[in-house]
Amino acid sequence: MAQQEQWKSKIGFVLAAAGSAIGLGAIWKFPYVAGTGGGGAFLLLFLAFTLVLGMPLLLGEFMIGRMGQSNPIQTYGKLSSNLKWNVIGKLGVFTSFLLLSFYSVVGGWIILYIIKLLSGGLAGLTQDQYGELFGDIISNPYSTIGAQFVFMLITILVVAKGVQKGIELASKVMMPALLVLFLLLVIRSLSLDGAMEGVKFLLVPDFSKLTSESILFALGQAFFTLSLGVSVMLTYASYLPKTQNLPQSAISIIILNIVIALLAGLAIFPGVFSFGMEPNAGPVLIFSVLPAVFANMPFGMLFFLAFLLLFLFAAFTSAFSMIEIIVAAVTKNDASKRKKSTWVIGMLIFIVGVPSCLSYGVLADVHIFNKTIFDLMDYAVSNILMPLGALLIAIFVSRKIPKGDLFAELKQGSNVGYAFFSICYFLLKYIVPIAIIVVFLDAAGLSDWIIALFK
Ligand code: PHE
């Protein structure tokens with residue numbers, strides 16, 4: 001097997017893993033699923049799932065990734081000496097493929113918005129007009145497919161060269177810049193008339209708004225934003241030397257991710273309520289609210305441009321990680337095959353993504369299971385395949401790898417205590433699987449039936 005590549009610096013890994021985590025999930029998806037799923041109660045659930053399930057899972061992927069020093073598929077067979085377990089990696093690679101197929105559609109939307117802004121088409125509209133404009137933009141089949149193609153092309157070019165690790169440097173500047181811009185945006189948003197309504201919506205939980213469906217969405221969202229269940233984090237950790245502090249890396253990534261999601265929520269909901277919009281507008285939410293928030297501030301369009309560029313950068317660093325694991329699995333880390341494989345895989349992903357892209361335009365009336373193609377893909381990936389992958393990884397880590405080996409791995413590069421490890425291990429072994437299964441059953445409408453069974 002080819003020698004595993006390694007990260008260039010310690011901080012490089014954290015930045016890349018954080019880059020994978022922070023992307024459309026926290027910035028674009030979180031506000032709209034929280035908006036649809038009940039606001040504050042959804043946020044609380046999302047936080048609980050992130051800490052109680054996401055944290056041990058992230059550490060789990062890190063530990064076995066670095067332990068295996070292999071690719072996302074073979075790590076499982078190698079560590080358990082049973083090739084059957086490779087199925088977890090295969091599922092992850094498949095999920096990542098589908099994920100990037102619609103992720104690139106949204107990446108394309110950002111590119112189109114940047115072009116629109118640069119050509120002066122975004123200045124001085126009312127909030128309603130922004131909504132309409134965005135609707136027009138994403139229903140145009142030619143430009144959206146073109147933009148999706150450009151998004152994939154850049155992703156391919158970077159990953160084919162294997163230079164995404166060089167992006168470490170750019171991330172060091174871009175991430176803090178994104179945070180600063182978000183802070184600015186939140187301040188602006190909070191100063192709008194009626195902003196408090198939005199803050200209340202996001203921060204004050206009303207549990208009566210929760211449904212089985214929104215609980216499933218909160219679960220999926222926690223895994224989605226942390227890139228869990230698809231072996232992305234495992235693959236990134238496989239490029240690590242033993243000196244990296246895994247618990248510290250995991251904790252920083254989780255905190256950063258929560259902060260960004262909160263800032264995104266605080267930037268958007270005050271705007272939503274102030275402009276009298278509905279918080280459940282779906283995937284178009286941030287694209288119709290944010291320009292209006294920016295429009296009313298000095299140098300608004302300049303700030304909006306900076307925001308869109310950073311947003312696009314965040315989407316790219318996530319996209320790199322998605323295609324990276326497919327490439328790593330296909331090439332088995334043989335560098336001579338990287339270029340060709342990346343092109344073939346990237347183009348296939350683009351083609352598979354076209355129907356999702358068109359589902360906001362010419363295919364808008366095509367509904368499968370009551371969902372548009374885009375929504376169906378997103379639902380299948382975020383709410384079914386990712387939690388399923390997470391369930392299998394939790395089972396694998398806690399039941400196929402000896403507990404002592406895991407602790408020994410975790411301790412390398414950190415002086416983490418046994419108590420912390422034990423809690424994570426317990427969560428991984430019992431709580432993560434039970435929680436995922438219960439949420440699945442509940443969403444499938446089986447919970448009443450099960451409760452009746454025990455009565
Ligand atoms: N975490 C990324 C985001 O929030 C999405 C992602 C999921 C990336 C799974 C890689 C793997 O945008």
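Is Y379 buried or exposed? With a relative accessibility of 17%, Y379 counts as buried, where buried means under 20% relative accessible area, exposed over 50% and partly exposed in between, using a 1.4 Å probe and protein chains only. Before going further, note that this is a predicted model, in which local features need pLDDT of at least 70, side-chain atom pairs count only at pLDDT 80 or more, and totals for chains, interfaces and linings use all residues. Residues are numbered from 1 along each chain as its sequence is written, and side-chain values use heavy atoms, with hydrogens and water left out.

Let's stay with Y379. The rings of Y379 and F217 form an edge-to-face pair, because their centres are 5.8 Å apart and their planes stand at 65°. The rule here is that rings of Phe, Tyr and Trp (its six-membered ring) pair if their centres lie within 6.5 Å, and planes under 30 degrees apart count as stacked, over 60 as edge-to-face and the rest as tilted. F217 sits in helix α10 and Y379 in helix α16, so the pair ties together parts that are 162 residues apart in sequence. Helices (H or I, at least four residues) and strands (E, at least two) are DSSP runs, numbered from the N terminus. F217 itself is partly exposed, at a relative accessible area of 22%.

On a 1 Å grid over the protein atoms alone, a pocket is an open set of points with protein on both sides within 12 Å along at least five of seven lines, a cavity is a set where a 1.4 Å probe fits but cannot get out, and lining residues have an atom within 4 Å of a point. Grid points are joined across faces, edges and corners, and a volume is the space filled by probe spheres set on the points. Helices α2 (24-37), α10 and α16 (373-400) each supply at least two residues of the pocket lining. By class, that lining has five nonpolar, eight polar and five charged residues. Here Ala, Val, Leu, Ile, Met, Phe, Trp, Tyr, Cys and Pro count as nonpolar, Asp, Glu, Lys and Arg as charged, and the others, Gly among them, as polar.

How many cavities of 30 Å³ or more does a search of the whole structure find? The search finds five, and the largest cavity has a volume of about 110 Å³. Its lining is made of 15 residues, with S20, L99, F224, S227 and M322 nearest the centre. The elements giving two or more residues to this lining are α1 (10-21), α5 (86-118), α10 (212-225) and α14 (300-331), and α14 provides the largest share, three residues. The lining of the largest cavity splits into eight nonpolar, seven polar and no charged residues.

Two of those names deserve a second look. S20 is one of the buried residues of α1. α1 reaches 17 Å from its first C-alpha to its last, close to the 16 Å expected, the expected span being 1.5 Å times one less than the number of residues. S227 lies in the loop between α10 and α11 (232-238) and is buried, at 9% relative accessible area. Its phi is near 55°, a positive value in a residue other than glycine. Most residues other than glycine have a negative phi. Q69 also has a positive phi, near 45°, and is found in the loop between α3 (40-68) and α4 (74-80).

L246, in helix α12 (residues 246-274), is buried at 0% relative accessible area. The C-alpha atoms of L246 and S414 are separated by 7.0 Å, although the two residues are 168 apart along the chain.
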